[in-house]
Amino acid sequence: MSSSEEFQEILNGDKNSSRFKAASILQGIAQALGEHDFVKISSAQISGVSVYNLGPEGVSYLKDFAVGTKVRVKTTLNPGAFDIENPPNHIPESEVASQKEINAIYGSMGVSLTLTCSPYLSGNLPLYQEHLAWSESSAVTFANSVCGARTNRESGMSALCSAVCGFTVSGGLHMDENRQPGVTIRLSDEIDDPLYYGLLGVYAGRNFPGLIPLFDIPSRAGINEMQALSASIITWGGASMFHIFHQTPEWNAYQIPTKQATLTRKDLDDLKRELSDDLGDHQKIITFTGCPHRSAGDSIGLSEGKSSGFITAAPALSGPYSPVIMAGGCVAVSKLKPLVTGIITDSVKAAFYLRNRGYKVKLVFSSEIKNNFCPNGEY
Ligand code: F3S
């Protein structure tokens with residue numbers, strides 16, 4: 001029996017079951033997209049966790065949806081708005097209670113409360129060619145590009161429905177033909193900092209929106225570099241997938257694109273300057289790293305510095321350094337201290353969202369971030 005036939009069996013089954021309800025929502029999405037097929041998934045990852053994104057109506061809907069509902073595949077959860085174990089003083093108790101309630105609702109459905117946008121570092125590492133229903137943009141791009149797994153960028157709700165059914169709508173990046181790169185981007189110089197990879201993603205997203213790039217880079221990208229590129233490319237208008245010559249699993253599975261572009265390290269330095277605000281004499285500046293959530297080793301390395309800025313990381317990877325770690329939180333959806341006006345970060349994704357919220361943002365290299373932690377940097 002094909003996956004689509006198995007999916008149809010759910011729709012032919014008990015109409016009062018949560019599986020039927022979830023499958024009906026997925027069928028509606030498929031119809032809107034003009035898709036007819038469904039594929040079995042091995043895991044789901046759910047965004048839409050922040051109390052500020054969901055709001056009271058979202059929480060109420062989620063609560064109703066959760067009654068009698070259990071996920072059927074490994075399912076992990078995105079970060080919430082802040083660290084619920086150590087919430088900042090300026091967050092009202094009602095918002096802390098609401099965020100805890102949201103987390104508990106997901107937990108009641110069997111969702112693993114990893115609270116991270118880097119689930120591949122916290123027990124949800126997909127295998128090559130596995131089909132997934134993931135929703136956080138940087139995680140989706142990492143899964144497709146670095147792991148060679150297959151997922152479209154789902155909404156929080158469609159990922160949850162897939163988790164409950166065990167299927168997702170086919171098409172898009174589930175299909176070979178849609179994973180073909182559309183442009184080759186050559187970098188003529190070596191680069192040695194995750195921020196450069198973030199800037200590379202900005203360049204690709206801005207100049208070739210929607211096209212999957214095949215990067216030709218004369219340096220090896222480690223996990224932090226892959227994370228930075230995964231987060232930036234989709235934020236800045238690009239596809240939720242990239243290839244890198246000799247470095248990502250599908251780099252030679254498709255034709256080399258005829259469309260080409262070349263850039264230098266200086267072009268990326270210029271881009272860094274362009275995307276950095278002058279913080280001037282802003283009175284309240286904080287330094288932040290961990291977008292996407294960092295690996296354990298990084299968090300510990302930074303925490304040992306004399307830092308009073310902050311880091312976001314998965315609770316499971318936060319180590320014993322909680323005073324400077326916003327465990328399970330996300331700066332883009334967090335409520336920072338009211339007087340904060342300027343932010344120093346090594347993440348172009350964080351810069352994008354924080355600037356949209358009215359903050360001045362200065363980009364620094366990851367290798368410099370410890371030097372920029374400032375004395376009054378509590379968030
Ligand atoms: Fe993660 Fe939030 Fe950045 S979800 S990728 S820390 S914007």
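Biologist: Where does Gln129 lie?

Modeller: Gln129 is in the loop between helix H4 (93-108) and strand S4 (132-134). Helices (H or I, at least four residues) and strands (E, at least two) are DSSP runs, numbered from the N terminus. This is a predicted model, where local features need pLDDT of at least 70 and side-chain atom pairs need 80 or more, while totals for chains, interfaces and linings use all residues. Residues are numbered from 1 along each chain as its sequence is written, and side-chain values use heavy atoms, without hydrogens and water.

Biologist: Why does Gln129 count as partly exposed?

Modeller: Its relative accessibility is 41%. Buried means under 20% relative accessible area and exposed means over 50%, with partly exposed in between (1.4 Å probe, protein chains only). So Gln129 counts as partly exposed at 41%.

Biologist: What is the phi of Gln129?

Modeller: Gln129 has a positive phi of about 70°, though it is not a glycine. Most residues other than glycine have a negative phi.

Biologist: What makes His246 exposed?

Modeller: The relative accessible area of His246 is 56%, so it counts as exposed. His246 is in the loop between strand S8 (243-244) and strand S9 (260-263). Its phi is positive too, near 60°.

Biologist: Why does Gly55 count as buried?

Modeller: Gly55 is at 17% relative accessibility, so it counts as buried. Gly55 belongs to helix H3 (residues 51-66).

Biologist: Why is H5 largely enclosed by the rest of the structure?

Modeller: Ten of the eleven residues of H5 are buried, so the rest of the structure largely encloses this helix. Ser137, Phe142 and Cys147 are among the buried ones. The buried residues of H5 pack against strand S2 (43-46), S4, helix H8 (223-235) and H11. Contact means heavy atoms within 4.5 Å. Just after H5, Gly148 has a positive phi of about 75°.

Biologist: Where does the ligand sit?

Modeller: The ligand sits in the largest pocket. To sit there, more than half of its atoms must lie within 2 Å of the grid points. A pocket is an open set of points on a 1 Å grid over the protein atoms alone, where a 1.4 Å probe fits, with protein on both sides within 12 Å along at least five of seven lines; lining residues have an atom within 4 Å of a point.

Biologist: How much space lies in the largest pocket?

Modeller: About 460 Å³, as the space filled by probe spheres set on the points. Among its 30 lining residues, the closest to the centre are Asn78, Glu136, Cys330, Val333 and Lys349. Helix H5 (137-147) and helix H11 (348-356) each give two or more residues to the lining.

Biologist: Which residues are around the ligand?

Modeller: They include Cys117, Glu136, Ser138, Cys330 and Lys349. Each has a heavy atom within 4 Å of the ligand. By class, the shell has five nonpolar, two polar and two charged residues. Ala, Val, Leu, Ile, Met, Phe, Trp, Tyr, Cys and Pro count as nonpolar, Asp, Glu, Lys and Arg as charged, and the others, Gly among them, as polar.

Biologist: What joins Cys291 and Pro292?

Modeller: A cis peptide bond, with omega about 0°. Most peptide bonds are trans. Pro292 is in the loop between strand S10 (285-289) and helix H10 (296-303).
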